[in-house]
Structure formats: C-alpha cells, structure tokens
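Hello,

Here is the structure we talked about handing over. Please look through it first; my notes follow below.

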Amino acid sequence: MGRRRTSLTPILFIIPAFLFILTIVIGPSLATVYMSFSVEGKLTLEKYFEVVTETSPKKALVLLPEGLEPPPWGALVHNIVWMAIHIPLVTLLGLFLAYILRYTIGSSIVKAIIFIGMVIPMVVGGLIIRFMFDKDVGVVPIVFDVLGLESLAKTWTSYPQLSLLALILGSVWLWTGFSLTVYSAALHAIPASYIEAARIDGAGHWHIFWKIVFPLVKPATIIVVIMTMLWDLKIFDIVYVATLGGPGGSSNVLALVMYLYMARAIDYNAAAVVAVILTLLTIPPGLWLALRGVRSGR
Amino acid sequence: MGEVFLDGVVKRFGRVTAVNGVTLRIRDGEFFVLLGPSGCGKTTTLRLIAGLEFPDEGRIYIDGEDVTYKDPKDRNVAMVFQNYALYPHMTVFDNIAFPLYMRRRELGLTKEEIRKRVVEVARLLRIDDLLNRKPGQLSGGQQQRVALARALVRRPRVWLMDEPLSNLDALLRLAMRAELKKLQKDLGITTVYVTHDQAEAMSMADRIAVMNEGRVVQVGSPEDVYLEPRHVFVATFIGAPPMNLIECKIVEGVGPNPALECPGFTRPLPGDAARVVEARGIKSVYLGVRPEFIAISKAETPGSIPGIVYVVEPLGSEHVVNVNIGEDTILKVKVLGLREKLRPGDKVYLNIDWSKVKIFDKATGEVLA
C-alpha cells in the first residue's frame with residue numbers, strides 16, 4: 001500500500017496544474033478546432049474553403065495578383081513578406097550592433113536605448129510607427145523630403161504601396177532590441193583568444209566576423225530567427241493601432257483577419273478557421289526549437 | 001630568420017605598469033623563455049611581440065624591421081595560446097589550414113598545396129589521423145598538437161607560446177616538454193615561450209629572462225640563472241627547493257677584511273665582496289647557498305656548522321633535510337642517497353661549499369659576490 005501511495009504522489013501534484021491547463025488552454029483550443037469544422041451542427045471543410053477563397057481585400061488570406069501590383073496581396077502573403085524582410089534585417093542588425101558595441105565605451109547606454117523598443121507596450125509602438133511615417137511630424141518622410149525623394153515624402157500608412165513596408169520597418173525598430181540582447185550574450189561567451197588567434201593567423205575584420213564569430217553564435221542565430229518568425233506570424237497590435245490593416249487591406253495580417261471575423265463580422269467559425277491556420281503555421285518552428293532544446297539537454 | 005629585439009618597451013594598463021622598460025635581444029633560432037610569477041608582465045611582453053597590444057614607449061623589431069605598431073597579421077609570427085584557442089566549429093584540418101587560407105593570395109597557394117602542407121605538418125605532429133575530427137572530440141594532448149600544427153603550418157619567423165603546457169596533466173607535460181624542445185631544435189624557429197614553471201624553463205630554454213614586477217631581472221642560460229643569480233628574486237624563484245638565504249651582519253673582522261656574523265657561525269668575507277661592502281657601507285647581507293652545495297654529517301669537522309634536524313622530506317632519489325642552525329634559521333640540504341638515518345632532533349654538522357656561495361645586499365637584493 002505504502003509503495004502504491006508513493007507512485008501516486010507525483011500524479012496528485014500534477015492534477016491541479018493539469019486541470020487548470022485543461023480548462024483554460026486545452027479545452028478552448030479543442031473547442032476552437034471543433035468550431036472551425038462545424039457548420040450548422042455538421043462537421044465539414046466548408047468554412048475552410050470559404051475563408052481561403054475569400055477575395056474581399058480586408059479578409060482575404062491570399063489574393064492572386066494579375067502581374068506586378070502593390071498590396072493588398074492577402075493577409076497570409078503579408079505575413080510571409082513581413083518575415084522575409086523582418087527576419088534578415090533584425091538578425092543582421094542585432095548581430096552587427098552587438099558586435100560593434102562589444103568594444104565600445106558607453107555601449108550599455110546605446111543598448112538600453114535600443115532595448116526601449118522591447119519594453120514599451122506594442123500599442124504604443126504602433127502609435128509611434130504611425131507618427132514616425134507621418135508626412136508632417138514623422139522623421140522618415142521628413143528625411144526623404146530633405147533628400148528630395150517626393151514619392152517617399154508622404155504619410156506612408158495612407159498609401160497601399162507603402163503601408164505594409166512602414167509597419168515592417170517600424171517592427172524592425174521594435175524587435176531589434178531582442179536580437180541585440182541575445183547576440184550580446186552570445187558574443188560575450190566567445191573567448192577573446194579565438195579572435196586574437198585569428199588576428200595573428202592573418203584574418204582581417206571581415207574574415208574574423210564571418211569565419212569565426214558568425215559560426216560561433218549560430219545557436220543564438222537559431223533562437224533569434226525562430227522567435228522572430230513566431231513574433232511575425234502572431235503580429236497584431238501594431239497593425240491594429242497603426243493602420244487597422246488598411247488602406248484597403250494593404251497591410252492586413254492573419255491575426256487581424258481573425259479579429260475582424262470575430263469582432264466585426266461576428267463569424268466565430270471563420271475566426272476559428274483563421275486561428276487554426278495561424279496555429280498550424282506557428283507549431284512547426286516552435287516545436288522544432290523546443291525539441292532542439294530537449295535534445296541538447298538544455 | 002627571426003631575431004626579435006625589444007628596446008625599452010613600456011606598457012601601462014591604466015595606473016598599472018605591466019611592462020616597465022624591457023630590453024631584450026632574442027637571437028635567431030633560439031628557444032627563449034620568459035619566466036616569472038603571475039602578474040610579472042611576461043604574458044604582456046609576449047602579446048606585445050605578437051602585436052595584440054601596442055607599447056606605450058619603446059620599439060619592437062623583428063629581423064631589424066620595426067613592427068612596433070604593426071598589426072599581428074603583418075608580423076609573420078604565430079602564437080600558441082594557453083587554452084589552445086582552436087576554433088570549435090572547424091575540423092582539425094580547417095583549423096590547421098586557417099592561417100594558410102587567410103594568406104592564400106599573399107602566398108600564392110592553391111587548394112592542393114594547402115592540403116599538402118596541412119598533411120605534412122599533421123604528420124610531423126602525428127595527428128594526421130585526426131584531421132576530420134572537431135576539437136571537441138580530442139584529448140588535451142591532441143588539442144595541444146593541433147594548436148602547435150596551426151602555429152607551424154605557415155612557417156612563421158617567430159613562434160610565440162603562452163604557457164602551452166599548463167593545461168596538460170603532469171605526465172603528458174613532461175613528455176611534451178621534451179618533444180617540443182626537439183621540434184623547435186629540428187625546425188630552428190625562434191621561439192619565445194612564457195611560463196611560470198621554473199622547472200619547465202630550466203629544461204627547455206636556451207636562455208631565460210627572469211621577470212618580476214614588469215622588469216627583466218636577469219637574462220642568461222639556465223645554468224647562469226641557476227648558479228649565478230644576480231638578484232635575491234632569481235635565487236629564490238629558481239630551484240626546487242630554492243636557494244637558502246641566511247641573514248648575516250657585517251662586523252669587524254680579525255684580519256683586514258670585515259667578517260660575516262651569521263646565525264650559528266662567523267666567517268671572514270671574501271675579498272671581492274669585502275670591497276663592495278666597504279665602498280657602499282652595507283651593514284647586512286643575505287648569504288645564499290643552494291641546498292645541494294651543503295654537505296651533512298653526524299661527525300664534526302673543522303669549520304662545520306652545528307645544527308638540529310628539524311624535518312626530513314624524502315623525494316624518492318633524494319632527501320631534503322631541514323636543519324635548524326639557531327635563531328630560527330632553517331637551512332634546506334639536498335642529499336642524494338642518505339647514508340645515515342636522520343631523525344628530527346638529531347644533532348648534525350653542515351659543511352658549505354664556500355666557492356658556490358652568493359652574497360646579496362639585503363636592502364636592494366642585488367648580488368655582491
């Protein structure tokens with residue numbers, strides 16, 4: 001009896017947490033998946049077909065363009081474009097800044113300023129992006145105005161050609177602090193003798209960076225790329241505040257489409273479909289990162 | 001070719017002067033050891049030669065060329081680091097080939113020539129079967145060889161080594177000592193080797209520079225620094241156990257020369273020491289004598305110094321006998337093959353080989369005779 005009780009003890013400890021997760025995470029998740037398949041009491045793929053083939057720019061996931069056209073291209077495409085621009089910029093900028101700031105006096109002040117983007121609420125970040133690209137007060141259009149580039153000296157968020165780009169560039173500013181912090185820690189862990197050995201062996205700055213430093217911070221690069229990918233897929237607040245997906249759906253993203261189905265169209269089933277699609281996209285990279293950590297014992 | 005000349009080199013870090021006016025001439029093909037306790041400036045001196053630090057004063061020449069402010073890569077020197085600094089993400093082959101790839105254009109090497117040179121140097125160091133492994137899969141001794149190979153592969157003018165053996169276990173260290181010395185002699189590369197281990201310095205060096213507090217105290221062959229220390233610091237830093245120092249007073253002698261009044265005995269001062277002592281008005285000195293230049297006996301002979309055995313340290317082939325000669329002065333005596341059994345408390349007589357005795361000024365630590 002005593003032995004049986006010991007084997008039950010761990011389960012007793014797990015039960016409260018498990019019940020908690022069951023009611024607030026697993027239950028609603030399964031309910032959402034069920035809802036996405038259920039139309040008038042029947043289980044069908046009807047809603048999926050409807051949501052994926054939707055062509056209204058404010059709700060579309062993918063719009064097939066006829067030739068080279070400015071956005072809207074559909075929320076899913078916008079998310080992919082976002083990742084394609086945002087991930088390399090944030091990764092390289094963070095690594096580059098961390099690398100040059102490593103040997104600079106007063107670098108902690110610069111790092112703190114860059115890190116502000118991580119600390120402020122995303123809603124505030126979205127508002128700042130809106131101001132940053134405003135024709136009258138925004139720094140970006142004013143700089144282009146000074147440079148004489150008329151086509152870029154306007155309120156970016158009001159033009160379908162520029163609104164998505166404005167949000168992506170703004171999010172670079174908001175997210176670089178993360179990548180800078182991760183890379184700073186990774187660079188700190190590289191023994192100085194590696195760099196010194198390379199210097200004596202005849203490597204210049206360029207070779208030291210690409211042949212020694214970059215391969216050695218590979219674990220940090222993996223973290224930065226995957227976390228940024230997940231952040232880009234889930235992006236919502238700054239889009240909601242800065243453009244609400246507009247103008248004309250040109251800066252729409254998946255999470256916002258889900259919200260619009262739920263809060264504007266009151267179509268919970270369609271919102272559930274977008275939620276499931278979004279989750280399916282985020283699971284593989286997230287799972288891969290988690291399993292990689294398990295394998296290497298971290 | 002590889003002659004290194006440091007001319008009055010000074011290096012400061014903030015308020016600390018790490019290297020204080022070092023002048024050294026390291027000859028071509030020489031195995032030169034910088035020896036000293038931690039913080040004496042020996043590693044900084046090595047880094048100055050490598051170009052990893054720039055001096056605040058003085059000049060550095062390699063083969064007559066002024067390299068004082070040149071980048072490490074323009075000096076054609078190679079360095080072996082204490083932690084080996086092997087690039088963990090590259091294979092052994094890539095690690096060794098790295099210096100060649102970096103100078104590929106400059107040296108006009110093809111891929112095939114690089115491969116040949118890497119294999120050649122790997123064979124020399126007997127690591128040619130490890131070329132496809134990563135450093136993390138190697139033992140300490142193997143990593144050491146890879147580091148040596150990487151430093152050798154581009155045939156540098158000068159080979160710099162920063163305590164390369166200190167991360168190895170004791171047995172391997174002894175084996176590598178001999179091997180490294182042989183390798184250096186076979187290849188004839190000028191080598192500057194930093195260590196705090198006096199036994200390592202003695203066994204490997206052609207010449208040793210003993211450093212303390214940023215200065216070079218003495219430069220000489222291992223025999224020189226061992227038998228003719230110019231300073232109390234060298235006398236006590238080199239040798240295991242170190243030189244015995246007996247504190248003695250200068251007193252009026254019987255003859256024309258003053259005498260030494262030491263714990264347990266009094267003795268006339270030799271002529272050359274007497275002149276210096278009188279000229280400088282020195283009142284107290286250290287008498288220095290190596291433990292192996294004292295004979296121990298249970299029988300009294302003329303001129304022997306009586307003492308009481310304090311403790312006996314057996315070291316296998318030899319014994320170190322600690323003898324109290326009075327006034328809490330303990331002399332260490334090294335005896336090869338102890339003929340009579342000695343126990344603590346035994347009365348013994350010591351005979352010092354006076355021809356090997358050194359006399360140091362107590363105030364400055366400098367040798368007088």
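**Where the chains meet**

Chain B puts 16 residues in contact with 14 residues of chain A. Two residues are in contact if their C-beta atoms, placed from the backbone, lie within 7 Å. On the side of chain B that touches chain A, the elements giving two or more residues are β6 (77-80) and α2 of chain B. Helices (H or I, at least four residues) and strands (E, at least two) are DSSP runs, numbered from the N terminus. By class, this side of chain B has twelve nonpolar, two polar and two charged residues. Here Ala, Val, Leu, Ile, Met, Phe, Trp, Tyr, Cys and Pro count as nonpolar, Asp, Glu, Lys and Arg as charged, and the others, Gly among them, as polar.

**Before you read on**

This is a predicted model: local features need pLDDT of at least 70, side-chain atom pairs count only at pLDDT 80 or more, and totals for chains, interfaces and linings use all residues. Residues are numbered from 1 along each chain as its sequence is written, while chains are lettered from A and ligands numbered from 1 in the order in which they are written.

Confidence in chain A comes as pLDDT, the predictor's confidence in each residue, from 0 to 100. The mean for chain A is 87, and 96% of its residues reach 70 or more. Confidence in chain A is lowest in strand β2 (residues 42-43), at a mean of 82. It is highest in helix α8 (residues 192-200) of chain A, at 92. Where pLDDT is low, the predicted coordinates should not be read in detail.

**Chain B**

The domain assignment gives domain 1 (4-237) and domain 2 (244-361) of chain B. Such bounds come from an automatic or database domain assignment. The C-alpha centres of these two domains of chain B lie 40 Å apart. Their contact takes four residues from domain 1 and five residues from domain 2. On the domain 1 side, the residues divide into three nonpolar, one polar and no charged.

Now the helix pair. Helix α2 (residues 92-102) of chain B packs with helix α4 (residues 111-124) of chain B at an angle of about 125°, their axes 10 Å apart. Axes are lines fitted to C-alpha atoms, for helices over the stretch in contact, and angles run from 0 to 180 degrees between N-to-C directions. The 125° angle makes α2(B) oblique to α4(B). Angles under 35 degrees count as roughly parallel, over 145 as roughly antiparallel, 65 to 115 as roughly perpendicular and the rest as oblique.

From α2(B), the contact uses B:Phe93, B:Ile96, B:Ala97, B:Leu100 and B:Tyr101. From α4(B) come B:Ile114, B:Arg117, B:Val118, B:Val121 and B:Ala122. These residues divide into nine nonpolar, no polar and one charged.

**Chain A**

Chain A is assigned domain 1 (1-44) and domain 2 (45-63 + 70-295). The C-alpha centres of these domains of chain A lie 34 Å apart. Seven residues of domain 1 of chain A are in contact with nine residues of domain 2 of chain A. On the domain 1 side, α1 (2-37) and β1 (38-39) of chain A each give two or more residues. The largest share, four residues, comes from α1(A). That side divides into three nonpolar, four polar and no charged residues.

Finally, the axes of helix α3 (residues 75-102) and helix α10 (residues 218-234) of chain A come within 9 Å and cross at roughly 145°.

Best wishes
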